[in-house]
Amino acid sequence: MEKKVRVRFAPSPTGGLHLGGVRTVLYNYLFAKKNKGEFVLRIEDTDQTRYVAGAEEYIQECLQWCGLVPDESPQHGGPYAPYRQSERKEMYRQYAEQLIAQGNAYYAFDTPEELDEMRIKFKTDDNPSPQYNYVAREKMRNSISLGEDEVNRLLNEGAPYVIRIKMPAEETISFIDMIRGEVSFNSSLTDDKVLLKGDGMPTYHLAVVVDDYSMKISHAFRGEEWLPSAPVHILLWKYLGWYDEMPQWAHLPLIMKPDGHGKLSKRDGDRLGFPVFAMNWMDAKTNELTTGFRELGFLPEAFINMLAVLGWNDGTEQEVFSLEELIEKFSLEKVHKGGAKFDYEKAKWFNHEWIKRLPVTNYLPQVKSLYEANHIEVNDDQKLAVVMELIKERCTLLTDFVLQGAFFFQSPASIDAASIKPKWNDDKAMFFDIVCEKFMVTEEWNAASIELLFKETATEKNIKVGELQLPFRIMLVGGKFGPGVFDIAAIIGKEETIKRIRYALSILM
RNA sequence: GGAGCGUUGGUCAAGGGGUUAAGACGCCUCCCUUUCACGGAGGAAUCACGGGUUCGAUUCCCGUACGCUCUACCA
C-alpha cells in the first residue's frame, strides 16, 4: 500500500528564520503539496533551544507570510500531537532504554572532563579529533567496559549518565538519497553518538527518528550538513525495528556566502548589507534587531520565488514562478547537488519582477502603511493605486514607492534649484508665467491636454520643449526622478501644479 | 588528519559523446526617453587540471587539485 506523503520541517526556535531554513520549508511544502500530502511542523525545543521567547510564534508568522502554512503544528494541533520535543520526553527515554536492552546502546558515565581528557590523550597528528567509538569505548566508563555490578551501583547512586548508540565496527551503511542517489558510509568512522542527554532530553539523532516514526513521516528533507550523521539515523531505524517505515531522505544543498566560501550566516548579511532572515527578528537578550526581507520591502511571492530557484530549476528558461506553478513543476530530481552562493542583486530583481506583474492592489496596504510611517497622508486609495501603477516599474523594493511617489501627495520638501539655474533665463521664467496663466483658464486637465498646452506655449515663445521639461519636472517633484512630467501634473491637479510652479519661480528669481 | 559531498562565465544556471555550449542577474555599448525606470538591439566573459576509453570528450572512467559539510551531552 502506498504510504501517504507527509514531510516535516523541524526548526529550532533559537532565533530568526534564515534563508536556508525557509528554503527547506519551501521544498518540503512543494513536495507535500505536489503529492497531495501533508506538511508537518515539528519544533525542536531541547533544553538549549526551548526558552527563546517568541521564537516559535515568529516561525509561524514567517511561514504564514510566505504562504507556507503547515497542516500540523504545535499551534494547529493534529493527530500526532504533541509536536514539541519537551512534551514527548518520556517517549524518547523509553526507546533509548529499549536500545540498551537490545544491546544497541549503552550507559556512559563519563564526565565532561573525562571526555576532554580522552580527546587529548588519543590525539595524534594523524587523528586530531579522536572519537568516542568502538575502540575508545572500551577505555571509558560505560556499561560495556564496566562490570554489571558497578553499572548497577552507579545507576542506583544516581550517577549522571548519557545513553550512547553502540556503532558496529566495519559495516557498510548505505541508503538512497532522493537527490544524490546511493550514499554509503563505513560504520567504524562514526562515533557512538549520544542519544539521550544527561538531562533526559534526546539529542537530534534520537528525536528525529522517534518523531518521524511516530508521526508517520514519509519523506525527510534537511540540509546537506546532516549527511555525515545519516548512518546513525539509518541504524536507529533498523535497531528500533522500523526500517520498513523509514522515510525517504533528501539532503538539500547549502546556501553559501556571496563572497568567499562557507554556509551563509546572519553575520554575512550584517557584513555585506543584506537580510538573511525572512522577517525582522528582535533578540530579546541582546536587544539587537535583525532586519528581515519583509520589512525591507520584499513581496512574499518574490522571496519564495528567489529561494525556490536557488538550487532548483525546471530545465526550461522560466525563472519567475508563482507558488502554484512551483507546486506543479517542482521535482526533487531537478534539485542541485552543489551549494549555491546567494546573490542579493538577483533577489532584488525577482522583487522588481513581482512588483511589476502583480496588481498594485495586492500590495497597496503595505505601501500605504509605509507612507504613513513616513508621515505622508494618503486619504484616497484610488489615487494611490493610480500613482503606484504609474511608478511601479521604477520600484525594486516596496520601500521605493515612498521616494518615487511621495510628491503626488505633498509638495516637495526642497527643490533641486542647482540643476535648473545654470541654464535659467528670463525667457524661461516668462514661459512658466504664461503657462501658469494658460493652465488657469483651461477646462481640460489631463496629461495629453497639459502636454499640448505646454508645447504650444514653448513654440510661441520659441524655446525648445526639451529645455523646459527638466525645470518643470524639478518644480513638480523636487528632483530628477519620477515618471512623465505631464502625468504627474495631471494627477496632482491644476491648482497644485500652478502652486508648485509659482513657488519654484519665487525661488529662482 | 579522516570521511562524505561537490566543481559549466563574476553569480544563478541549461545541456550532455559530435552544439556557434541556452537563458537570467550584474557589467559595458547603442536605440527609445532631454529625469530615472521600463522596453528594444548588441558586447565582453565559462566547461578546474592530468590521464585514460573513443574516430571524437565539457559530457563516461580513474586520479589530482580546489571547495564545502561533518568529525559536541548543538541542531
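## The surface near RNA strand B

A residue is near a strand if its C-beta atom, placed from the backbone, lies within 6 Å of it. In this predicted model, 63 residues surround RNA strand B. Gly198, His261, Gly338, Gly466 and Lys480 are the closest.

Which elements supply at least two residues each of the surface near RNA strand B? There are helices and strands among them: helix 4 (112-121), strand 6 (181-186), strand 13 (340-341), helix 12 (344-357) and helix 18 (465-477). Helix 18 has the largest share, with 4 residues. By residue class, the surface divides into 21 nonpolar, 22 polar and 20 charged residues.

## Overall form of chain A

Chain A holds 20 helices and 13 strands. Its C-alpha trace spans about 110 × 50 × 40 Å along the principal axes. The radius of gyration of chain A is 32 Å. A compact globule of 509 residues would have one near 23 Å.

Of the 509 residues in chain A, 37% are buried. Now take the contacts between residues at least 6 apart in sequence. In chain A, 73% of these contacts join residues at least 24 apart.

In soluble globular proteins, nonpolar side chains tend to be buried together. The largest nonpolar core here has 97 residues. Val22, Leu26, Cys62, Phe303 and Leu307 have the most contacts inside this core. Helix 1 (residues 19-34) gives the most to the core, with 9 residues.

What does Leu26 contact, leaving aside its neighbours within four places in sequence? Leu26 is in contact with Leu68, Ile304, Leu307 and Ala308.

## Helix 10, mostly covered

Helix 10 (residues 300-308) has 8 of its 9 residues buried. These are Glu301, Ala302, Phe303, Ile304, Asn305, Met306, Leu307 and Ala308. Which elements do the buried residues of helix 10 pack against? They pack against helix 1, helix 2, helix 9 (293-296), helix 11 (323-329) and helix 12.

## Helix 14, buried on one side

In helix 14 (residues 381-391), the buried residues are Leu384, Val387, Met388, Leu390 and Ile391. Why are they on the same side of helix 14? They lie on the same side because they cover an arc of only 160 degrees around the axis. An α-helix has 3.6 residues a turn, so residues three or four places apart point the same way.

Other helices cover the buried residues of helix 14. The cover includes helix 13 (360-373), helix 15 (400-405) and helix 19 (485-492).

Is Glu44 buried or exposed? Glu44 is buried, because 20 other C-beta atoms lie within 10 Å, and a residue counts as buried at 20 or more. The place of Glu44 is in the loop between strand 2 (38-41) and helix 2 (55-66). Glu44 and Thr203 are 159 residues apart in sequence. In space, they are 9.8 Å apart, C-alpha to C-alpha.

Asp426 is in helix 16 (residues 426-441). Asp426 counts as exposed, because it has 7 C-beta neighbours inside 10 Å and the limit for exposed is 12 or fewer. Asp426 and Ala413 are 13 residues apart in sequence and 25 Å apart in space, C-alpha to C-alpha.

A cis peptide bond joins Ala81 and Pro82, with omega about 0 degrees. Pro82 is in the loop between helix 2 and helix 3 (89-102).

Glu170 is not a glycine, yet its phi is positive, about 50 degrees. Glu170 lies in the loop between strand 4 (162-165) and strand 5 (172-177). Glu170 counts as exposed, with 9 C-beta neighbours inside 10 Å. Lys216 is not a glycine either, and has a positive phi of about 55 degrees. Lys216 sits in the loop between helix 6 (204-214) and strand 8 (219-223). Lys216 is partly exposed, with 16 other C-beta atoms within 10 Å.

Terms used:
Residues numbered from 1 in each chain as written. Chains lettered and ligands numbered in written order. Predicted model: local features only at pLDDT ≥ 70, side-chain atom pairs only at ≥ 80, totals over all residues. Nonpolar A, V, L, I, M, F, W, Y, C, P; charged D, E, K, R; others polar. Core = buried A, V, L, I, M, F, W, Y, C linked by C-beta atoms within 7 Å. Contact = placed C-beta atoms within 7 Å. Rg over C-alpha atoms; globule rule 2.2 N^0.38 Å. Arc of directions from axis to C-beta.
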